[in-house]
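Biologist: Can we go through this model together? I would like to start with the pockets and then move to the charged pairs.

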Amino acid sequence: MNIQAIIFDLDNTLTHRDLSVQAYSRHLTAHYNAHLIQADIAKVTEIVRRIDNGGYPQKELLTHGSIGASAAYALLQELSWLSPPSIDELAQFWFSQFGRFAVEMPQAKQVLEQLKARGYRLAIISNGGHDTRLNIIKGLGFGHYFDEIISSSLVGISKPHPEIFLHTAERLTVLPEQCLYIGDHPINDIQGAKNAGMHALWMQGFHPDAEEIQYKIQQLPEIFTHLQRLNQL
């Protein structure tokens, strides 16, 4: 059965989360430069990176209900401010600005263009707030490539539950076995997609190696080799 749809995770699959954190931290430091006793980009980056933790925040570091608000609280506590903004202002800065500085994975745009030109239906499944997902995708300039953008907050189901994958296949009007899913997390992405009956590719380099995963890639263009293999089955 030929593959009809390609479905992507967002962070560390289409966008490089840590490079995005670094770009956002530089922007935040420049924006609040006049409010700080010392504008230390390295320290700002360390704080944001620690709270964000690659998009998988540690519960004990989440002082508030979101990464953005928790990062804002930590920045207010740990930086030396002349005139600190309110925590609400700094949290809103995350929600309005982080997506603008999203950094795409190498060759992501070219891969999406080729897949679209070949007639594949394209989708994203990502855990997290839907507005935040849309802001990141807008920042990347990728929104027009996708037939469906599904987030856990939109549908009330999170990865690795198979239902979110099955829901996406239904929205794409394809069978799960006609879908190839690409993501960086061995459980949330790969196990979740396979439990839903999809084919899966693991984007290596962001989580400890999982030897039990058979099909792995390190760069997005490697998708085409696996599509050729799957379409010959």
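Biologist: Before that, what should I know about the numbering and the model?

Modeller: This is a predicted model, where local features need pLDDT of at least 70, side-chain atom pairs count only at pLDDT 80 or more, and totals for chains, interfaces and linings use all residues. Residues are numbered from 1 along each chain as its sequence is written, and side-chain values use heavy atoms, with hydrogens and water left out.

Biologist: Fine. How much space lies in the largest pocket?

Modeller: About 380 Å³. A pocket here is an open set of points on a 1 Å grid over the protein atoms alone, where a 1.4 Å probe fits, with protein on both sides within 12 Å along at least five of seven lines. The volume is the space filled by probe spheres set on the points, which are joined across faces, edges and corners.

Biologist: And which residues of the lining lie nearest its centre?

Modeller: Gly-55, Ile-67, Asn-127, Gly-128 and Arg-133, out of 22 lining residues. A lining residue has an atom within 4 Å of a point. Helix H3 (67-78), helix H4 (87-97) and helix H6 (130-140) are the elements that give two or more residues to this lining. Helices are DSSP runs of H or I with at least four residues, strands are runs of E with at least two, and both are numbered from the N terminus.

Biologist: How does that lining divide into nonpolar, polar and charged?

Modeller: Five residues are nonpolar, eleven polar and six charged. Ala, Val, Leu, Ile, Met, Phe, Trp, Tyr, Cys and Pro count as nonpolar, Asp, Glu, Lys and Arg as charged, and the others, Gly among them, as polar.

Biologist: What about the second largest pocket?

Modeller: That one holds about 170 Å³ of space. Its lining includes Arg-17, Asp-18, Val-21, Asp-52, Tyr-56 and His-207. By class, the lining has three nonpolar, four polar and five charged residues.

Biologist: Which helix gives the most to it?

Modeller: H1, with three residues. Helix H1 (17-31) and helix H2 (41-52) each supply at least two.

Biologist: Changing topic. How many salt bridges does a search of the whole structure find?

Modeller: Ten, where a salt bridge is a side-chain nitrogen of Lys or Arg within 4 Å of a carboxyl oxygen of Asp or Glu. One of them joins Arg-133 and Asp-11, at 3.2 Å from N to O. Arg-133 lies in helix H6 and Asp-11 in the loop between strand S1 (5-8) and H1, so this pair ties together parts that are 122 residues apart in sequence.

Biologist: Is that pair buried or exposed?

Modeller: Arg-133 is buried at 7% relative accessibility, and Asp-11 is buried at 11%. Buried means under 20% relative accessible area, exposed over 50%, and partly exposed in between, with a 1.4 Å probe and protein chains only.

Biologist: Where is Ser-20 found?

Modeller: In helix H1, and Ser-20 is buried with a relative accessible area of 1%. A polar atom of the Ser-20 side chain lies 2.8 Å from the backbone nitrogen of Val-103.

Biologist: And Asn-2, buried or partly exposed?

Modeller: Partly exposed, at 41% relative accessibility. Asn-2 sits in the segment before S1, and its C-alpha atom is separated by 43 Å from that of Val-48, 46 residues apart along the chain.

Terms used: Polar contact = N/O pair within 3.5 Å; in protein donor to acceptor, adjacent residues only side chain to side chain.
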